[in-house]
Amino acid sequence: MAVYKFEAYLPAPVRSWVDQKLRDLRVILVENGVLAPARDSGSESKELEDARNALRSAEDSLRNTKNDLNTHIEDLSKDYGADDIFRALKGQCISKDSGEYTYELCWLDKTTQKSKKNGAQTVMGNFVSMDTVVVDDEVPADGRGLGSGERIALRYENGQHCWNGPNRSTLVVLACAETDEVWKITEEEKCVYRMEVGTPAVCGIAERKGEEGKDEL
Ligand code: MAN
């Protein structure tokens, strides 16, 4: 311990006290990763390497779990409608061919129209809110219609700008059905679209009033 030579000038009890303190300090520095531990050989032991790898993968897994948790917390703060009826539809899309386009509805996300000729896609609105609208339609024989009464509707706005018109928007009106299905698409005014859609998500909700247009399921 050449560096500790000054100790030689100290009285014996003080010398051993200082010596002990320096040893303690070295231990603390090694424990905190400031000093490399004294080693017999130049390479790390297999056990230490394994332990280091195990620690690293435990840290990775903790980080992933924390990220997942944050995703779930964020998701819980989103509005999925009364009783969370649209939660199950999150991330799903349904589509229908109509005229020269294939129309697509991505629940709580956006509506699009895709040209059958060149595949060009136009966003017809991004989801903004849930609403209710009153409808009064005949239900066709195949049951694919809104009927009459109050219906849940989803508003999609601020889609691609329409030449000489507004930004495209879509009102999606929902009625109870056994499967998720786009029934009908109309362009009410230039670049203002309406989709009529069947989904089990709204069965038993907002359809109790004016049920006369529909047969009992
Ligand atoms: C595209 C489509 C139509 C729309 C016109 C308006 O052709 O988005 O639905 O009416 O643009 O220019």
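I began at Glu187. In this predicted model, a polar side-chain atom of Glu187 lies 2.6 Å from an oxygen atom of the ligand. I then looked up two other residues of this kind. For Gln113, a polar side-chain atom is 2.3 Å from a ligand oxygen. For Tyr193, the corresponding distance to an oxygen atom of the ligand is 2.7 Å.

Next I asked how much of the ligand the protein buries. On its own the ligand exposes 310 Å², and the protein buries 68% of that.

I listed the shell. Around the ligand I find Tyr101, Gln113, Cys162, Arg168, Glu187, Lys190, Cys191 and Tyr193. Sorted by class, the shell holds four nonpolar, three charged and one polar residue.

I moved on to Val197. I placed Val197 in strand β8, which covers residues 192-199. Is Val197 buried or exposed? Val197 is buried, because its relative accessible area is 0%, and the cut-off for buried is under 20%.

I checked what touches Val197, leaving aside neighbours within four places in sequence. The contacts include Ile94, Leu105 and Trp107. Val172, Val173, Leu174 and Ala175 are also among them. Glu181, Val182 and Trp183 are in contact with Val197 too.

Last, I looked at helix α1. Helix α1 runs over residues 12-31 and has 20 residues. From first C-alpha to last, α1 reaches 29 Å, close to the 28 Å expected at 1.5 Å a residue. Just after α1, I noted that Gly33 has a positive phi of about 80°.

How values were computed: Residues are numbered from 1 along each chain as its sequence is written. This is a predicted model: local features need pLDDT of at least 70, side-chain atom pairs count only at pLDDT 80 or more; totals for chains, interfaces and linings use all residues. Side-chain values use heavy atoms; hydrogens and water are left out. A residue is near a molecule or strand if one of its heavy atoms lies within 4 Å of it. A polar contact is a pair of N or O atoms within 3.5 Å; within protein, one must be able to donate a hydrogen and the other to accept it, and residues adjacent in sequence count only if both atoms are side-chain atoms. Accessible areas come from the Shrake-Rupley method with a 1.4 Å probe; for residues, only the protein chains shown count as cover. Ala, Val, Leu, Ile, Met, Phe, Trp, Tyr, Cys and Pro count as nonpolar, Asp, Glu, Lys and Arg as charged, and the others, Gly among them, as polar. Helices (H or I, at least four residues) and strands (E, at least two) are DSSP runs, numbered from the N terminus. The expected span of a helix is 1.5 Å times one less than its number of residues. Buried means under 20% relative accessible area, exposed over 50%, partly exposed in between (1.4 Å probe, protein chains only). Contact means heavy atoms within 4.5 Å.
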